[in-house]
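Here are a few friendly notes to read alongside the model. Take them one at a time, and keep the 3D view open as you go.

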Amino acid sequence: MAGRRHSSAAGSESTGLYAPSELIAILDAYYGRAPAQASGDPMAELVLTLLSQHTSDHNSGRAFHRLLERFPEWDGVIAARTSDVEEAIRPGGLAPTKAPRLQELLAAVRELTPEYDLGFLETMPLEEAKAWLRALPGVGPKTAACVLLFALGRPALPVDTHVDRVSRRLGLVPPKASVEQAHVILEGMLAPDEVYAFHVDLIQHGRRTCHARGPECARCPLLERCPRVGLPPLG
Ligand code: SF4
């Protein structure tokens with residue numbers, strides 16, 4: 001891992017781009033950041049991540065709690081009428097789409113681990129753990145990384161819309177790379193102990209300064225060396 005980190009820093013010296021360690025230091029100082037705290041419950045994280053697609057953390061949290069109230073066991077979700085699951089998760093939005101997906105996902109997990117115990121992912125080699133999760137229906141690289149990072153503290157990087165956009169503008173990911181490739185490229189630049197900070201810092205930055213429309217470059221702490229890829233010149 002030390003080698004990876006060295007090559008990333010060396011690359012930034014030759015290109016002038018910010019190295020991940022520099023971004024973390026600047027954005028930590030600018031926004032502040034809560035320390036990482038793994039939840040230790042990968043199954044709950046998997047369900048929560050599915051519910052969080054295309055909605056706010058607040059709404060997906062409400063949907064998740066309503067789901068647990070209504071169905072204290074995962075078996076109960078699978079056995080329920082889809083319309084009842086839909087009703088339970090309605091605050092999370094897109095319930096007609098998410099309810100059958102959730103039932104399919106849980107059924108696939110039960111097929112592989114009848115106790116819904118995903119604790120083995122903590123010690124499985126990282127790439128194998130990602131592949132195991134991604135073999136589940138509806139699980140892509142972002143969801144797999146969320147489960148591994150937030151539940152188990154493993155160094156997998158979820159690339160959400162903010163991380164993706166900010167990384168491209170900063171020149172860390174080529175414009176034509178797919179989001180899937182962005183996961184590989186960015187993770188390859190990061191030391192394991194940088195993954196959580198990088199994820200959280202870039203989300204903060206995307207939400208608060210480097211907006212999708214109208215990024216506030218003039219007051220951005222990264223303006224000095226940001227290539228602003230894809231944006232018009234500053235007036
Ligand atoms: S300078 Fe502009 S494009 Fe670059 S990170 Fe800051 S807000 Fe985003």
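1. Let us begin with a term: the bounds of a domain, as used here, come from an automatic or database domain assignment. On that basis, the protein chain in this predicted model is divided into domain 1, made of 2-35 + 157-225, and domain 2, covering 42-152. Notice that domain 1 is written as two stretches of the chain.

2. Next, look at how the two domains meet. Their C-alpha centres lie 28 Å apart. The contact takes 9 residues from domain 1 and 5 residues from domain 2. Which elements give two or more residues to the side of domain 1 that touches domain 2? They are helix H11 (179-189) and helix H12. The largest share of that side, 3 residues, comes from H12. Sorted by class, the side of domain 1 that touches domain 2 has 5 nonpolar, 2 polar and 2 charged residues.

3. Two packed helices are described by the angle between their axes and the distance between the axes. For H10 and H12 (residues 195-208), the angle is about 85° and the axes are 8 Å apart. Angles of 65 to 115 degrees count as roughly perpendicular, so H10 is roughly perpendicular to H12. On the H10 side, the contact is made by His162, Val163, Arg165, Val166 and Ser167. H12 answers with His199, Leu202, Ile203, His205, Gly206 and Arg207. By class, this contact of H10 with H12 has 4 nonpolar, 5 polar and 2 charged residues.

4. Stay with H10 (residues 161-169) and find Arg169 in it. Is Arg169 buried or exposed? Arg169 counts as buried because it has 23 C-beta neighbours inside 10 Å, and the cut-off for buried is 20 or more.

5. Now see what surrounds Arg169. Leaving out residues up to four places away in sequence, Arg169 touches Cys210, Cys226, Arg228, Val229, Gly230 and Leu231. Take Arg228 as an example: Arg169 and Arg228 are 59 residues apart in sequence, yet their C-alpha atoms are 4.8 Å apart in space.

6. Finally, turn to the ligand. How many residues surround the ligand? There are 14, and the closest are Cys210, Pro215, Cys217, Cys220 and Cys226. By class, the shell around the ligand has 10 nonpolar, 1 polar and 3 charged residues.

How values were computed: Residues numbered from 1 in each chain as written. Predicted model: local features only at pLDDT ≥ 70, side-chain atom pairs only at ≥ 80, totals over all residues. Helix = DSSP H or I, 4+ residues; strand = E, 2+ residues; numbered from the N terminus. Buried ≥ 20, exposed ≤ 12 C-beta atoms within 10 Å, placed from the backbone. Contact = placed C-beta atoms within 7 Å. Near = placed C-beta within 6 Å. Nonpolar A, V, L, I, M, F, W, Y, C, P; charged D, E, K, R; others polar. Axes fitted to C-alpha atoms, helices over the stretch in contact; angles between N-to-C directions. Parallel < 35°, antiparallel > 145°, perpendicular 65-115°, else oblique.
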